[in-house]
Amino acid sequence: MKAAWYTENGGPEVLEYGDLPDPEVGAKTVLVRVEWISIEGGDLLNRIHVPPRTKPFVPGYQAAGIVEAVGAEVSRFAVGDRVMAFDWNGSHAELFAVPEHYAYAVPDGIDLRLASTIPVPFGTAHDSLFEYGDVAPGETVLVQGAAGGVGLSAVQLAAKAGATVIGTASGKDRLARIEPFGLHHGIDYTSEDIAERCREITGGKGVDMVLDLAGGRGKDKLVEALRPHGRYQVIGAAEGTLPTFNFFELIRKAMRVNGISFGRDMHTTRVRDMLADLTSKVASGELQMPVEREFPLSQVREAHTFVAEGHPFGRVLMKP
Ligand SMILES: NC(=O)c1ccc[n+]([C@@H]2O[C@H](COP(=O)([O-])OP(=O)(O)OC[C@H]3O[C@@H](n4cnc5c(N)ncnc54)[C@H](OP(=O)(O)O)[C@@H]3O)[C@@H](O)[C@H]2O)c1
């Protein structure tokens, strides 16, 4: 199969493209012929920070395509089915072998291109807000990194749940594009003081919940923006560096800090049902995920560079 891979951590330049052996089909495997690969924020984080578990290492969490083969113990899928697929790596290829519990049916009424964008962004946002966040109508949620895949999902889901949504992005033009998704207050993180703006917006109280998708040095302002006893959802580090929390910082506000790892829950029937519901809402247009650009997989370096530096709005896809 054609695939993209790397053997060491680094920037997009470590990515190679060429021929690799097809993945093996185990008893519980669903082998997917990939139609569309969605580049997830975590794909970049892994490439930079997480040592490759195999060499060569085919990266990538998420894709959608057609089932090419199934293992002897697979019961929910058959050859020819349309699926969205997740695994901790392997999506950047013509063939993506995933355990059955990481394959999700794509219903009629939605194409594979859009379906490829759904599981991780919408699922992570949903779990961060509800399963592990208990967001309530009338609460104020601050989404750091609101123009990305998880961010746009969170803005929509929080607004529909009756929360007041504050979101950050790099520039007023980007914030204006998020407004139709349900954003109530936009903050340009490149020029405005996030904590000060949140104090203004909340009448000095502070926000009830932070969804931190950027991590890094921006974390301190988010802590400052949070009200006492507020919830801080640690989700991502799109800024490229990893934040740390110190003792007094945590107890001063009696913060509740939740580490989110959606991938840990993706094998469950709870998540399968949740993703089926979210997928039907994307199919009906109730939820949306803009696709900024498409690349052939052979241009994987250019695609990753564009995600890292080009400030895409929503998702960037690759086609094998
Ligand atoms: N824990 C989990 O289970 C889980 C699940 C999914 C994703 N994640 C993580 O969540 C993060 C976001 O994922 P994604 O797929 O939404 O990524 P994405 O689509 O690439 O979006 C990243 C966003 O981060 C923003 N950003 C970058 N640097 C920033 C900074 N210094 N301050 C504020 N915002 C900044 C960007 O905003 P601008 O373009 O406007 O600058 C961009 O919109 C990634 O780190 C990913 O690994 C974690």
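Start with the two domains: the C-alpha centres of domain 1 and domain 2 lie 28 Å apart. Where they meet, 14 residues of domain 1 and 18 residues of domain 2 take part in the contact (contact means heavy atoms within 4.5 Å). To colour them, select 2–117 + 289–319 for domain 1 and 121–262 for domain 2. These bounds come from an automatic or database domain assignment.

Before going on, note that this is a predicted model: local features need pLDDT of at least 70, side-chain atom pairs count only at pLDDT 80 or more, and totals for chains, interfaces and linings use all residues. Residues are numbered from 1 along each chain as its sequence is written, and side-chain values use heavy atoms, with hydrogens and water left out.

**The whole chain**

Switch to cartoon. The protein chain shows 10 helices and 15 strands. Both are DSSP runs, numbered from the N terminus: helices are H or I with at least four residues, strands are E with at least two.

Zoom out. Along the principal axes, the C-alpha atoms fill a box of roughly 60 × 40 × 35 Å.

The protein chain exposes about 13300 Å², and carbon and sulfur atoms supply 51% of it. Areas come from the Shrake-Rupley method with a 1.4 Å probe; for residues, only the protein chains shown count as cover.

Now colour by burial. Buried residues make up 52% of the 320 residues. Buried means under 20% relative accessible area, exposed over 50%, and partly exposed in between (1.4 Å probe, protein chains only).

Colour by charge. There are 32 positive and 42 negative side chains, and the centres of the two sets lie 4 Å apart. Lys and Arg count as positive, Asp and Glu as negative; His and the chain ends are not counted. Each charge is placed at NZ of Lys, CZ of Arg, CG of Asp or CD of Glu.

**Strand β1: Ala 3**

Select residues 2–5. This is strand β1, and Ala 3 lies in it. Is Ala 3 buried or exposed? Ala 3 has a relative accessible area of 0%, so it is buried. Show its surroundings: beyond four places in sequence, Ala 3 touches Glu 16, Tyr 17, Gly 18, Leu 20, Val 58, His 92, Ala 93 and Leu 297.

**Helix α1: Asn 46**

Move to helix α1, residues 41–49, which holds Asn 46. Which residues of α1 are buried? They are Gly 42, Asp 43, Leu 44, Asn 46 and Arg 47. Show β3 (29–38) and α10 (300–309) as well; both are among the elements covering these buried residues.

Centre on Asn 46. With a relative accessible area of 17%, Asn 46 counts as buried. Its contacts, leaving aside neighbours within four places in sequence, are Tyr 6, Asn 9, Tyr 61 and Trp 88.

**A cis peptide bond**

Follow the loop between α1 and β4 (62–70) to Pro 56. Here the peptide bond from Lys 55 to Pro 56 is cis, with omega near 0°.

**Two positive phi values**

Select Asp 134, in the loop between α3 (119–131) and β8 (140–144). Its phi is near 50°, positive in a residue other than glycine. Asp 134 is exposed, at 53% relative accessible area.

Next, take His 229 in strand β12, residues 226–234. His 229 is also not a glycine, and its phi is near 65°. The relative accessible area of His 229 is 52%, so it is exposed.

**Last stops**

Find Thr 202 in the loop between α6 (194–201) and β11 (207–212). Thr 202 counts as buried, at 16% relative accessibility. Beyond four places in sequence, Thr 202 contacts Thr 140 and Val 207.

Finish at Ser 284 in helix α9, residues 269–284. Ser 284 is exposed, with a relative accessible area of 54%. Draw one more distance, to Gly 11: the C-alpha atoms are separated by 38 Å, and the residues are 273 apart along the chain.
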